[in-house]
Amino acid sequence: MSHYLGFDSSTQSLKALIIDAAAGKIAASAIVHFGKDLPQYASPDGVLAHADPAVKHADPLMWLAALDLVLKRLADAGAPLAAVRGISGSGQQHGSVYLNATATATFAHLDPARELSAQFAGAFSRSTSPIWMDSSTTSEVRELDDAIGKRLQDDTGSPAIERFSGPQIRRFFKTDPAAYAATVRIHLVSSFLASVLIGGDAPIDHGDGAGMNLLNLRTGKWDAASADATAPGLLAKLPRVGETGSIAGKLAHYFAKYGLPAGIPVALWTGDNPASLIGMGAHRPGKAVVSLGTSDTVFAALDKFHTDPDGYGHVFGNPAGGFMSLACFKNGSLARDRVRTETGVDWKFFDATAFEQTKPGNEGRLALPWFEHEITPSGRPIGLRANFDFPAAPAAVRIRATVEGQVLSRAAHSAWVGKFDTIRVTGGASRSRGILQTLADVFQATVETIAVTDSAALGAALIAAHDTGGYSFDALAAQFCPTVETVLPRPENAAVYRDLLPALASLEK
Ligand code: XUL
C-alpha cells in the first residue's frame with residue numbers, strides 16, 4: 001500500500017488529494033469551498049467582511065469545519081482512506097492563529113463524537129486570523145525596519161512586509177495587549193492544521209516559517225532579536241522550528257472515524273508556494289515556475305541562500321532541502337483581462353492573433369498595466385504606463401505591449417535568482433500561445449506546460465510520500481508532473497528583449 005494524502009488549505013477552499021505513489025496516479029480528491037459549502041462563516045471568498053479594506057481576516061473555525069467536511073466527502077465517495085500511509089499539507093502563507101491556555105487540552109483530547117469546530121470554539125485568544133491579503137500593518141513594518149534594518153532581509157530572506165506574520169503579531173500586541181498576553185501559542189495556518197491532525201503541537205517548517213519575518217534562514221532558528229522587536233515574550237509563544245523533511249507526529253485517533261489509520265505519520269506542513277514548487281516538479285535549481293493567476297508569481301529553487309538586492313523577492317525554505325525564491329506581481333490576469341476588454345477583442349485574439357499581427361519587441365512599444373498597487377516594484381502610483389500613445393494604437397500592438405511589459409518585468413525581477421533552463425507555466429493564462437512564446441523568448445528558456453492543476457495539494461501529497469514513505473522527489477516528479485507541451489526559445493529574439501530593458505526600467509520608475 002503506497003497511498004499518501006495531501007491537503008491544501010488555501011484562501012478560498014480546502015482540497016484533499018490522495019496519490020498512489022507506486023502507481024504514479026491520483027487515487028481520489030475532494031474539495032470544500034468555504035463560501036459555498038460553509039455559508040455560516042459569512043466568508044464568500046474565505047475572508048470576513050471588514051469596514052477597513054486593509055483588514056483581511058478569516059475565522060479559524062471555518063478551516064476546522066472544512067477539515068471535517070473534506071474528509072467526510074472523501075469517505076462518502078469511497079476514497080481509499082484506509083490505505084493512506086502518510087499525510088502532509090500546505091496552507092495559505094503568512095496567516096496566523098492565536099491559541100489560549102485551554103488549547104493544549106483540546107488538542108490532546110479530540111473527541112470523535114464532536115466536530116472539530118465545536119471542540120476548538122473556546123481555544124482561541126484571538127477569534128480571527130489575519131491572512132496574507134491583510135495590509136493593515138504599515139506602521140508595524142516601519143517599526144520592525146527601524147529596529148532591525150537591513151539584517152532582517154539578509155537573515156530572514158525578506159524585508160519587513162505587511163502581510164508577513166511578524167508585523168501582524170506586532171499589530172495584535174499593540175491593539176489588544178491583554179489578548180496577546182493570554183496567547184500561549186501562535187501557529188501558522190499550516191502548522192495549526194498539522195497540530196490538529198496530530199492532536200498536539202506541530203513545528204513550523206522552513207518553507208512557511210520564512211514568511212514571518214522571524215525565522216533566521218542562516219541558522220534555521222527563530223531570530224531572537226526580530227522576535228523581541230515584534231512583541232514581548234514572543235519566542236515562548238512560537239512552536240519549534242522543524243527540520244525540513246521531518247515528521248510532526250502521529251495521526252490522532254479522532255481521524256479514524258473517517259477510515260484513516262490512526263498513528264500514521266504526519267509530515268510537517270508547509271506554505272502553498274513551497275508545496276507548489278514540489279507539485280510543479282521544480283524542486284531543483286534551473287527550473288522556474290511562472291504561475292499566471294489573479295496575481296502572477298515566479299518561484300524557483302535556489303542553488304544557495306542569497307537575497308534580492310532590490311528587496312522585492314522573498315526567500316523561503318524548499319521542502320526538498322535548501323531554499324527557493326518567490327516574487328509576487330499583483331497585476332496579473334485581472335490586468336490582462338481589463339486590457340482585453342478595453343481593446344474590445346476576444347480571448348482568441350488576445351492569446352494568439354495579436355501576436356501573429358505584431359513582431360517580438362513591438363518596435364520598442366511597451367506597457368505596464370498597473371491597475372492595482374503593484375508590489376514588485378512597490379510604492380508606485382497606479383495606472384497604465386506606456387511609452388507610446390496607448391489608446392491610439394491598434395489592439396494587437398496594445399496587447400503585445402502589455403504582455404511583453406509584464407513578462408519583461410517578471411524576468412527583470414527574477415534575474416537575481418540565476419539563469420533558468422526551463423520555465424514551467426501554470427494558471428489560466430498558460431493556454432495563451434502568445435504568452436508562452438513571449439516567456440520562452442524573454443527568459444531564453446524552454447517553456448513547459450504540465451497537466452497538474454492543484455499543484456499545492458499535489459505537492460503536499462508528494463511531500464508526504466517523500467517524508468513519510470521514502471520516495472525520491474525526482475522519481476515522484478517524473479511520475480506526477482510530466483510535460484504536456486514544450487515551447488522553445490528563439491535565440492534571435494534574445495537581443496530584441498535585452499534592448500527593451502532600459503525602456504522597462506524607465507516605465508517602472
Ligand atoms: C505569498 C503569498 C500568497 C499566499 C497565497 O507570499 O502571500 O501566495 O501564499 O495563498
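Predicted model: local features only at pLDDT ≥ 70, side-chain atom pairs only at ≥ 80, totals over all residues.
User: Which residues are around the ligand?

Analyst: Look for Q92, Q93, H94, W132, R163, D272, N273 and L326.

User: How do I read a polar contact there?

Analyst: A polar contact is a pair of N or O atoms within 3.5 Å. Within protein, one atom must be able to donate a hydrogen and the other to accept it, and residues adjacent in sequence count only if both atoms are side-chain atoms. Now the ligand. A side-chain N or O atom of D272 is 2.4 Å from a ligand oxygen. For R163, a polar side-chain atom lies 2.8 Å from an oxygen atom of the ligand. For N273, the distance from a polar side-chain atom to a ligand oxygen is 3.0 Å.

User: What is a salt bridge, and how many are counted?

Analyst: A salt bridge is a side-chain nitrogen of Lys or Arg within 4 Å of a carboxyl oxygen of Asp or Glu. The count here is 26. Take K174 and E140, whose side chains meet at 2.9 Å, N to O. K174 sits in helix α7 (residues 165–175) and E140 in helix α5 (residues 138–148), so this pair ties together parts 34 residues apart in sequence. Helices (H or I, at least four residues) and strands (E, at least two) are DSSP runs, numbered from the N terminus.

User: Are K174 and E140 buried, exposed or in between?

Analyst: Buried means under 20% relative accessible area, exposed means over 50%, and partly exposed is in between (1.4 Å probe, protein chains only). K174 is partly exposed at 34%. E140 is buried at 1%.

User: Where should I look for another bridge?

Analyst: R218 lies in the loop between β9 (215–216) and β10 (221–222), and D155 in helix α6 (residues 151–156), so the pair ties together parts 63 residues apart in sequence. R218 is exposed, at 53% relative accessibility. D155 is buried, at 12%.

Next, E485 and R433 form a salt bridge at 2.2 Å, N to O. E485 is in strand β22 (residues 483–487) and R433 in helix α17, so the pair ties together parts 52 residues apart in sequence. E485 is partly exposed at 29%. R433 is partly exposed at 40%.

User: Which residues do shared partners join into one network?

Analyst: E140, E143, R170, R171 and K174 are joined by salt bridges that share partners.

User: What separates a cavity from a pocket?

Analyst: Both are found on a 1 Å grid over the protein atoms alone. A cavity is a set of points where a 1.4 Å probe fits but cannot get out. A pocket is an open set with protein on both sides within 12 Å along at least five of seven lines. Lining residues have an atom within 4 Å of a point. Grid points are joined across faces, edges and corners, and a volume is the space filled by probe spheres set on the points.

This structure has 3 cavities of 30 Å³ or more. The largest cavity holds about 70 Å³. Its lining includes D205, W269 and D467.

User: What lines the second largest cavity?

Analyst: This cavity holds about 60 Å³. Its lining is V290, L292, D296, R336, V403, Q406, V407, R410, I435 and L439. Two or more lining residues come from each of β14 (287–292), α16 (395–412) and α17 (433–443). Helix α16 gives the largest share, 4 residues.

User: And the second largest pocket?

Analyst: Its volume is about 320 Å³. Of its 16 lining residues, A411, K419, V442, F443 and Q444 lie nearest its centre. The elements giving two or more residues are α16, α17 and α20 (494–498).

Key. Residues numbered from 1 in each chain as written. Heavy atoms only, no water. Near = heavy atom within 4 Å.
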